[in-house]
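Here is a quick tour for anyone opening this one for the first time.

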Amino acid sequence: MSDSNHTGSTVKEFTILGFPGLQDQESKTVLSVVFLAVYILTVSGNLLIVIIFAVNESLHTPMYILICNLAILDISLISITVPKMLTVFMFGSGLISFGACFTQMFFLLSLTSAEVFLLTVMAYDRYLAICHPLHYSNMTSNSLVMRHVVWCWAGGFLSMLVPQILAVRLPFCGPDKVLHCFCDHSSVLRLACANIVINSVLGLTIALSVLLIPLTLILLSYAKIMRSVLQISGAEGRAKTFSTCSSHLLVISVFFLTAAGVYISYRIPGTSADLRIMAAVFQNVFPPLMNPIIYCLRTKEIRDSLLKTLKKSRVFPKSM
């Protein structure tokens, strides 16, 4: 989004402040090291899942297509925010152009929405696999799942288009300090020289709809999954069946619990700006960091494929 897209604004660039209570050099150095390590681990872990999927044809199934796309989304999400955060912490370079700020905001909101939709599709896939195992291969296919993935990406961007257009048209004529580690929607809106009630209400309504409607569908899917699992005779059979969706359930829990943490931090009176910003940053970086760890540790097929790939590249001896 170029600077020419906004009207009535004299502000050409913003300054991202980071954590207001952690402005000393020692704190910035610690933050730089932590977030650089998190970024490297997150990108490496998710890229590893993409590579494992690409080189192992046995994983070219609906469930793993979804997991691979989740990894791509996670790499994209953390790459939108953390590199700029590192320039703020490492070099004190918080300047960001008007267009770059709104572009970062739009991609952050859109990809987060796309991830919510993808998690919903993943829950539905597990529902079909567990509740309709005999008809699973007839009810889904790789091409059908890929269409669902495209709709998740498209839906994420389309759902955030209206609030983004309304935000970019606001006049910004004075304050230019973003009290955040990246161009967060609400933090940038507060800098506008106009009434932002419509923007705030619309943004909150869409955000809650994007979160709560998919969450309801996910909970319904898992309610039916639990009912189906409990009907299986024998504890071993129930445990084996439920283990096929336990990884996804953990991923969902991490995502929605961190999102709930952000919402709660803004609703508790007296919460410091640093704590609110940390909650938002945590929600941005923690799920992408944990997702590859969860899938590699708890999904046997991915573990086996990883060992197989490492043996082929002679990282591990073939006797393992």
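A residue is called buried when its relative accessible area is under 20%, exposed when that value is over 50%, and partly exposed in between. F35 comes out at 5% relative accessibility, so F35 counts as buried. Keep in mind that this is a predicted model. The largest nonpolar core holds 86 residues, and the largest pocket has about 1,200 Å³ of space.

**The largest pocket**

- How many residues line the largest pocket? The lining is made up of 42 residues, and L109, D184, A207, L211 and V262 sit nearest the centre.
- Two or more lining residues come from each of helix 3 (98-131), helix 7 (185-189), helix 8 (197-230), helix 9 (235-267) and helix 10 (273-298).

- Helix 2 (62-91), helix 3, helix 9, helix 10 and helix 11 (300-312) each bring at least two residues to the lining of the second largest pocket.

**The cavity**

- Rolling a probe the size of a water molecule over the atoms shows where empty space is left.
- There is one cavity of 30 Å³ or more, and the largest cavity has about 40 Å³ of space.
- Which residues line the largest cavity? They are I49, I52, F53, L59, Y64, I67, C68 and I302.
- Helix 1 and helix 2 each give at least two residues to the lining of the largest cavity.
- The cavity lining is made of eight nonpolar residues, with no polar and no charged ones.

**The nonpolar core**

- In soluble globular proteins, nonpolar side chains tend to be buried together.
- Within the largest nonpolar core, the residues with the most contacts are F14, F35, F102, L119, F172, V188 and V281.
- Helix 3 supplies the largest share of this core, at 18 residues.
- Setting aside neighbours within four places in sequence, V281 is in contact with F19, F35, M85, C181 and F182.

**Aromatic rings**

- A pair of aromatic rings is described by the distance of the centres and the angle of the planes.
- The whole structure contains 14 aromatic pairs.
- Why is the pair of F35 and F89 called stacked? The ring centres are 5.8 Å apart and the planes are at 25 degrees, so F35 and F89 are stacked; the cut-off for that label is planes under 30 degrees apart.
- This pair links distant parts of the chain, with F35 in helix 1 (residues 25-55) and F89 in helix 2, 54 residues apart.
- Like F35, which is buried at 5%, F89 is buried, with a relative accessible area of 3%.
- F106 and F107 make an edge-to-face pair, at 6.0 Å centre to centre and 80 degrees between the planes.
- F106 counts as buried at 11% relative accessibility, whereas F107 is partly exposed at 36%.
- F14, F98, F102 and F172 come together as one aromatic cluster.

**Two residues to look at**

- M63 belongs to helix 2, and is buried with a relative accessible area of 18%.
- Not counting residues up to four places away in sequence, M63 touches D125, R126, Y136 and T244.
- How far apart are the C-alpha atoms of M63 and G99? They are separated by 37 Å, with the two residues 36 apart along the chain.
- T120 sits in helix 3. Is T120 buried or exposed? At 15% relative accessibility, T120 counts as buried.
- Leaving out neighbours within four places in sequence, T120 is in contact with P214, L217 and I218.

Conventions: Residues numbered from 1 in each chain as written. Predicted model: local features only at pLDDT ≥ 70, side-chain atom pairs only at ≥ 80, totals over all residues. Heavy atoms only, no water. 1 Å grid on protein atoms, 1.4 Å probe; cavity = no way out; pocket = protein on both sides within 12 Å on 5 of 7 lines; lining within 4 Å. Points joined across faces, edges and corners; volume = space filled by probe spheres on them. Helix = DSSP H or I, 4+ residues; strand = E, 2+ residues; numbered from the N terminus. Core = buried A, V, L, I, M, F, W, Y, C linked by side-chain atoms within 4.5 Å. Buried < 20%, exposed > 50% of the residue type's maximum accessible area, 1.4 Å probe, protein only. Contact = heavy atoms within 4.5 Å. Phe/Tyr/Trp six-rings, centres within 6.5 Å; stacked < 30°, edge-to-face > 60°. Nonpolar A, V, L, I, M, F, W, Y, C, P; charged D, E, K, R; others polar.
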